[in-house]
Amino acid sequence: MARSSEKLPMHAAPDGMAAITIERLEAREQRAAAARARRDWLLHTTARLVVLAGVIGLWQALASRYDITLLPGPGPTVAALRRGWSLIAPAAVDTASEIALGFALGTLIGLLVGSLIGQSKRAEEILHPYLIAYQALPKVGLAPLIVLLLGFGLLPKVALAALSAAFPVLENTLLGVQRVDEDSARLFAGLGAGRLQTYFKLRVISALPAILTGVRVAVVLATVAVVVAEFVAGRIGLGAVMMVGYAQLDTPLVFAALFVLTAVGLAYYFAAVALEALVLRWFNLAPPAR
Amino acid sequence: MALGRLHAEKTDAELFQHFYERAVRAETEQHRRARQTTLVGQVVVLGALVGLWWAASTVYPPVLVPSPPATVQAFVDGRATLWENTPITIAEIVLGFLVGSLLGIGFGVVIGQSRWAEVIFTPYLVVSQAVPKVALAPILIIVLGYGLASKVAVAALIAFFPLLENTIGGLRQVDPDSLRLLRSLGATRWQIFMKLRVFSALPLIFAGLRIAAVLATVGAIVGEFVAGNRGLGALLVTSMGTFSTSLLYATMGVLTVLACGVYLAAQWGERRALARYNLAPPEA
């Protein structure tokens with residue numbers, strides 16, 4: 001049903017001008033829409049960059065008024081990054097691996113425990129107050145206790161990150177595996193699917209959007225937990241570098257370490273966002289409604 | 001038979017009443033029994049946790065895992081210290097929560113006024129979610145000193161963002177039909193804001209307040225970790241440094257109770273506020 005086959009009344013075009021057809025009009029419309037989108041994007045990006053430049057300008061202006069110990073400007077911060085690179089680079093590697101390990105461990109624990117508790121309504125009811133207490137407890141508050149138990153190395157940071165990261169995954173797994181489309185559940189039961197089959201082929205899959213949201217939250221929480229543990233233990237990682245700078249009133253170093261830490265945190269966060277999009281597309285699922 | 005006798009003595013309505021009440025009684029009894037089982041299970045879990053702790057304390061030296069009685073003893077011995085430090089932490093949490101959420105709502109309202117501002121700030125808001133804001137604690141302490149102000153600032157900083165985000169989101173997601181109705185009735189921008197947008201934003205703002213209260217607790221504790229002077233967080237770090245492990249455990253207990261209190265109070269507040277304005281909670 002190509003539109004070109006339809007005989008449209010052709011208006012007599014003046015010399016040198018093409019006749020008006022549906023295709024032309026549509027193409028023009030599309031071009032206009034694309035141009036509008038491009039213009040909007042350009043405008044928004046420019047505005048965003050202007051805001052960014054404004055913030056940096058404000059930072060510079062404020063920094064020039066205050067002492068470098070109180071507020072170092074962009075220049076000294078970059079200088080500190082160069083000067084302290086031999087300190088910051090290995091610390092960044094430590095921090096990045098602590099976050100990755102703690103996040104992986106916590107996610108695994110969250111998935112397992114959430115799945116187990118999700119098997120039984122009774123178990124969920126019994127554990128409910130404990131889950132609430134676990135949720136309410138600021139996990140980073142456990143840092144001194146865990147440092148005391150596990151020492152000053154990699155282990156306490158990974159443990160605290162795992163404790164922090166586990167909860168959102170646990171909660172969303174628990175909720176997700178229970179919230180299943182009833183028709184699908186009946187279909188599975190009718191086709192004689194076993195409990196395990198139903199669990200892995202229906203419940204886990206349909207819980208994936210919720211689980212992945214939990215995973216995204218878990219990445220951020222793991223990062224926070226690692227930094228706090230490094231503040232408290234103060235031996236390895238970017239948090240420790242920040243504490244060194246803080247103790248020596250070397251504020252530019254604190255700023256430099258903070259920026260590297262922010263970069264690490266952002267990289268992990270966007271990796272989690274990308275993973276979420278990828279998995280959802282792979283399983284052809286919609287993201288959870290927000 | 002009982003049924004026959006009942007038929008003889010009672011009217012249909014009375015009969016219905018009789019069986020209805022019996023069914024209700026049976027159901028309540030069943031509920032009660034289920035609740036009882038759950039309660040027993042909860043007590044068993046608590047017992048198991050304490051038992052596990054006790055067992056661990058016999059295996060590990062008291063400097064790592066003090067026994068439950070030793071911890072209670074430390075709580076009793078250290079009650080003066082705990083009594084002194086707890087109000088400081090509470091004050092930091094409350095002030096940080098108030099400052100952070102007021103600023104968050106304020107900025108949210110300003111940014112939410114303009115579609116443009118929102119579009120411009122969105123990527124920065126996304127980035128702000130991923131940035132570990134507590135890492136700013138050392139800087140805030142350098143700038144604001146070791147006193148109350150710096151911890152309030154840390155708590156306020158991380159309480160700020162959920163409110164900023166939820167306020168902007170809430171002001172935008174209004175029912176389009178209501179908006180059209182108000183517009184067609186000639187409502188001004190101010191009237192639409194006050195009578196429609198604010199109310200449709202309230203559930204998300206209340207949810208933001210609940211999250212902010214919990215985050216303010218985290219902020220206050222981390223601030224005290226770094227500045228290590230007064231408050232429960234400072235007490236935790238000090239007792240870690242001096243290996244006063246039983247005091248560390250006792251302080252952790254107080255902190256747990258405090259955090260649960262903040263959480264439950266925030267939840268209660270959210271529910272009350274929603275009920276007050278007859279609103280449904282936002283969908284998760």
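A crossing of two helices is left-handed if the near helix is turned anticlockwise from the far one by less than a right angle, and right-handed if clockwise. By that rule, helix α1 of chain A passes helix α5 of chain B in a right-handed crossing. This is a predicted model, in which local features need pLDDT of at least 70 and side-chain atom pairs count only at pLDDT 80 or more, while totals for chains, interfaces and linings use all residues. Residues are numbered from 1 along each chain as its sequence is written, and chains are lettered from A and ligands numbered from 1 in the order in which they are written.

**Helix α1 of chain A**
- Helices are DSSP runs (H or I, at least four residues), numbered from the N terminus.

**Packing of α1(A) on α5(B)**
- The axes of α1(A) and α5(B) (residues 115-130) are 9 Å apart, at an angle of about 65°; axes are lines fitted to C-alpha atoms over the stretch in contact, and angles run from 0 to 180 degrees between N-to-C directions.
- His44(A), Ala47(A), Arg48(A) and Val51(A) meet Val119(B), Ile120(B) and Pro123(B) in this contact, contact meaning C-beta atoms, placed from the backbone, within 7 Å.

**Interface between the chains**
- Contacts join 38 residues of chain B to 42 residues of chain A.
- On the chain B side, α11(B) gives the most, with 8 residues.
- That side has 30 nonpolar, 7 polar and 1 charged residues.

**Domains**
- Chain A is assigned domain 1 (11-65) and domain 2 (74-282), with bounds from an automatic or database domain assignment; their C-alpha centres are 39 Å apart.
- Chain B has domain 1 (2-59) and domain 2 (68-276), with C-alpha centres 40 Å apart.

**Trp83 of chain B**
- Trp83(B) sits in helix α4 (residues 79-112) of chain B and is exposed, with 10 other C-beta atoms within 10 Å.

Note on methods:
Helix = DSSP H or I, 4+ residues; strand = E, 2+ residues; numbered from the N terminus. Contact = placed C-beta atoms within 7 Å. Buried ≥ 20, exposed ≤ 12 C-beta atoms within 10 Å, placed from the backbone. Nonpolar A, V, L, I, M, F, W, Y, C, P; charged D, E, K, R; others polar.
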